[in-house]
Amino acid sequence: MTSYHLASRLARIDTHIPKGEGCSMGPCVPDKNPCRSTKLCHARHYYNPARNCVYSRYSECDWDSNNLVNYCVANQERNVSERTRTDAWRAVNATERLTRLRQGSNTRKLGERVRDIGWWKEELLKEINAMDTETENLAEHKRILEKALHDTMMLLAIVEESIIQREKRIGIEQVHDEVEKALCREVLLIRKCQERMRRMIEKANNQLKMNRCARHQMDIDVRDKFHAEGLDERMHQLGDCSFGLGYHPGVESIDNTVTDTESWAKFTQENIERAKQERQKSEKVHAEVDLCLRQCANDMWSQFTQINEGFEKRAKETQIAKEKLEAHILKINMEIRDLERSIELLRCAIMEKEAPLKVAQTRLDERTRRLCVENTSDEAMKGLQVEVFELRQSIATLKEKLRCAELGLCRLLKVRSRLEADIITKENSIQIDLRCCLALRRNMPLDPKIGPLFSLAVCPQTNSMCHTPTFVPSDDRATRAACPPCSTAYTGVTCCL
């Protein structure tokens, strides 16, 4: 029954196979086994009257060959499967070792990368701190320079006011002396120093811009390195059991890198080198600012002291001249008094000559009334005539002397008046030089003990500057403040340290 159904099933299968193709479609096993060289084709067709159809029949040889083929195929497939399992195990082990090796290598490389990023980041942060310190120093020097420039404005105003005040001198005292020449030189010197300070301020501003630009580049680099360090640190700590793992197909084909290792390190190194160069330039600029401040202050202080000495010398010379004039006035006053006594004496002498003249003329007049021969020219007549002549000559001489004395008195009075006027002009000059000009100049914001024009008030409070540091000129007594911890008035100098 089984063979019947098998034969019928084979017959049904055969009905679907085209003629001439059955032998080509059957399995063929070549090689050493004789059964493998036999082609398993379909059996002959037999007609079965019971079924009223044609079905195939196989021989025992076909049956044995089929079994032999199945055995061989099973053995072959089993061997192939064994080799496949062995190869699979080897592949699993090899891929596991390669995976662990590659993952460990990349983890180590990520750790090295994190250390490299951290090292460059620390270098950048050190350079940023150094740049910040240098920028603060340069900004402070620039602020002091601007304050010094502002102080020179007041200094120039004082010098110009001194020149204007000296224009109020009177008469001959309007001398183009050494003091006035020195004041003109001081104006030129102050303007020259102001121009030099303005150039240094402009240079400091440009250098501050370059410092900020270099720091901005380092800030960007540090920001990127912080981000890269955090990302690589997370990737370095990432493992097979970490959270957030997922497939990202095609990510290995994406290459969005913009630098390699050498250019990456070179970029950061160039930023650091540029910052160092700008910092060195900044140090040079703030040294130039300090030198400019000191040179300008020393030049102005030297000119300031020279002019002050010139004022004192000129005032002393004027005072000496005034004292000499006063001594001459004393002598002239004594001479005037003596001359006035002489004039009074001459007038008395002239008045005293009037009575003898009247006597002599009266005698002569009375003697002219003699009669006849008695009216003779005797010795008495001649004596009276000589007496009248001598008296008149004496009176004329005395009057001449009186006139000369009165003229001399007038000249002495004029000289005294001129000397008194000259004394007044010299007193005015002394007043201008000492009480106006020199008093103004004594209030100038310069002090040779502290390096004029630029000294910051420092308080001992935590060894730092005052909470509201202010440059106060030494002359501005109305705006002087007190140091809070020590209650010491400071005027731009260092207080209790």
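User: What should I know about the model before we start?
Analyst: It is predicted, so local features need pLDDT of at least 70 and side-chain atom pairs pLDDT 80 or more, while totals for chains, interfaces and linings use all residues. Residues are numbered from 1 along each chain as its sequence is written, and side-chain values use heavy atoms, without hydrogens and water.

User: What makes a stretch count as a helix or a strand, and how many are there?
Analyst: A helix is a DSSP run of H or I with at least four residues, and a strand is a run of E with at least two, numbered from the N terminus. The chain has six helices and four strands, in the order α-α-β-β-α-α-α-α-β-β.

User: Which contacts join residues 24 or more positions apart, and what is their share?
Analyst: A contact means heavy atoms within 4.5 Å. Among contacts with a separation of 6 or more, 79% link residues 24 or more positions apart.

User: What makes the residues of the largest pocket nonpolar, polar or charged?
Analyst: Asp, Glu, Lys and Arg count as charged; Ala, Val, Leu, Ile, Met, Phe, Trp, Tyr, Cys and Pro as nonpolar; the others, Gly among them, as polar. By that rule, the lining divides into eight nonpolar, five polar and seven charged residues.

User: Which helix gives the most to that lining?
Analyst: α4 does, with eight residues; α4 spans 178-237.
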